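Please read each point with the coordinates open.

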Amino acid sequence: LLNKLHENAYWGIIGNYHGMPTDCPQRDERMGWLGDHAMGCYGENLLVDNGALYYKWLQDVRDTQDDDGMIANVAPGYWVVRGNDVAWGALSVYATFMLYRRYNDINAVQKYYTFLQTYMNFLERNLQDGIVTSNNYGDWCMPPERPDLIHSEDPARKTDGKLISTAMYYSMLTMMGQLAMEFGIEADMLDFDRRQQKLKEAYNRHFYHPESGSYSNHTVTANLLSLEFGLVPDGDEEKVLQNIVDVTKDTYNSHISCGVIGMQHLMTCLTRLGHLDLAMQIILQKDYPSFGYMIK
């Protein structure tokens, strides 16, 4: 099963590379949606040498930027989809950071830094009560409660889009701060750090329930992003992690418990924090919803 999953991932990735990473080969769409590739570009990089492709695609993303800094959710901008979903726009920072970390691509950072900073300033100007409120897609493709549904009808499965956008923006500030530090841009580094501190306070004020150690409506993705990005108050990390484990086991019977956004972090989080056994359980399931079910 693992070998077949690896093979399918490989062919799925290269089958969707057409001068840009696309999605949806199963229908007449095949557009360069950004959200699939924020963390996806890192996973793809484990299987293929995608540095040149992402260097080029980032130019397509930059070409969609408006004068106010907003970028489209699809690049190249064949469809002008400008819903300002930060989980999709985050690809701009994530992919640049991937090129720097995986390839030490100084040229990419130098070329795109100003573009990224303009986008980050746009997001900062549009905060409301300290958080990012714009979101279009939520935790996209969260497996619904029944296989005959396309989208879940259960509110308990749906992660608050404001939480997702704010958490993603926080993670982008982390990456931008590291890039500024690496290049000795001290004023930017201090500015990104200041923004993070204010954002973290507002995030926990809006979404955190300290008595239970859970975020928002207690979805795995809500707790997962908070923990992975460093938004959890000091000392509460283990409590939040246990909620991720418990909900995955008890509510989802150790099956997939996230959509596109959460799933990009679930395996790395569980593995890194001592729950490799649960990660393997999820990977090896064969009934709905699972990778094994999809293959079967």
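1. Buried means under 20% relative accessible area, exposed over 50% and partly exposed in between, with a 1.4 Å probe and protein chains only. Helices (H or I, at least four residues) and strands (E, at least two) are DSSP runs, numbered from the N terminus. The model is predicted: local features need pLDDT of at least 70, side-chain atom pairs count only at pLDDT 80 or more, and totals for chains, interfaces and linings use all residues. Residues are numbered from 1 along each chain as its sequence is written, and side-chain values use heavy atoms, with hydrogens and water left out. In helix α9 (residues 220-228), 8 of the 9 residues are buried, so the helix is largely enclosed by the rest of the structure. The buried set consists of Val 220, Thr 221, Ala 222, Asn 223, Leu 224, Leu 225, Ser 226 and Leu 227.

2. Surroundings of α9. Contact here means heavy atoms within 4.5 Å. The buried residues of α9 pack against α7, α8, β2 (214-215), α10 (237-250) and α11 (260-272). After α9 comes Gly 230, which has a positive phi near 85 degrees.

3. Aromatic pairs. Rings of Phe, Tyr and Trp (its six-membered ring) pair if their centres lie within 6.5 Å; planes under 30 degrees apart count as stacked, over 60 as edge-to-face and the rest as tilted. By this rule there are 13 aromatic pairs. In one of them, the ring centres of Trp 88 and Tyr 137 are 4.7 Å apart with the planes at 50 degrees, so the pair is tilted. Trp 88 lies in helix α4 (residues 86-89) and Tyr 137 in the loop between α6 (106-125) and α7 (161-182), so this pair ties together parts that are 49 residues apart in sequence. Trp 88 has 4% relative accessibility and counts as buried. Trp 88 and Tyr 137 also belong to one aromatic cluster with Trp 33 and Trp 140.

4. A further aromatic link. Tyr 100 and Phe 183 form a tilted pair, 6.0 Å centre to centre and with 50 degrees between the planes. Tyr 100 sits in helix α5 (residues 91-103) and Phe 183 in the loop between α7 and α8 (186-207), so that the pair links distant parts of the chain, 83 residues apart.

5. Ser 290. This residue is found in the loop between α12 (276-284) and α13 (291-295), and Ser 290 is buried, with a relative accessible area of 7%. A polar contact is a pair of N or O atoms within 3.5 Å; within protein, one must be able to donate a hydrogen and the other to accept it, and residues adjacent in sequence count only if both atoms are side-chain atoms. The side chain of Ser 290 has a polar atom 2.8 Å from the backbone oxygen of Asp 287 and one 3.5 Å from the backbone nitrogen of Gly 292. Leaving aside residues up to four places away in sequence, Ser 290 touches His 255, Ile 256 and Gln 285.

6. His 18. In the loop between α1 (2-15) and α2 (40-45) lies His 18, which is exposed at 54% relative accessible area. Its side chain reaches the backbone oxygen of Gly 15 at 2.8 Å. The C-alpha atoms of His 18 and Met 31, 13 residues apart along the chain, are separated by 10.0 Å.

7. On a 1 Å grid over the protein atoms alone, a cavity is a set of points where a 1.4 Å probe fits but cannot get out, and a pocket is an open set with protein on both sides within 12 Å along at least five of seven lines; lining residues have an atom within 4 Å of a point. Grid points are joined across faces, edges and corners, and a volume is the space filled by probe spheres set on the points. The structure holds 1 cavity of 30 Å³ or more, and the largest cavity has a volume of about 50 Å³. Its lining comprises Gly 35, Ala 38, Met 39, Ala 87, Met 168, Ile 261, Gln 264 and His 265, with α11 giving the most, 3 residues.

8. Second largest pocket. Its volume is about 250 Å³, and residues lining the second largest pocket include Met 39, Tyr 94, Met 175, Glu 228 and His 265. The largest share of this lining, 4 residues, comes from α7.
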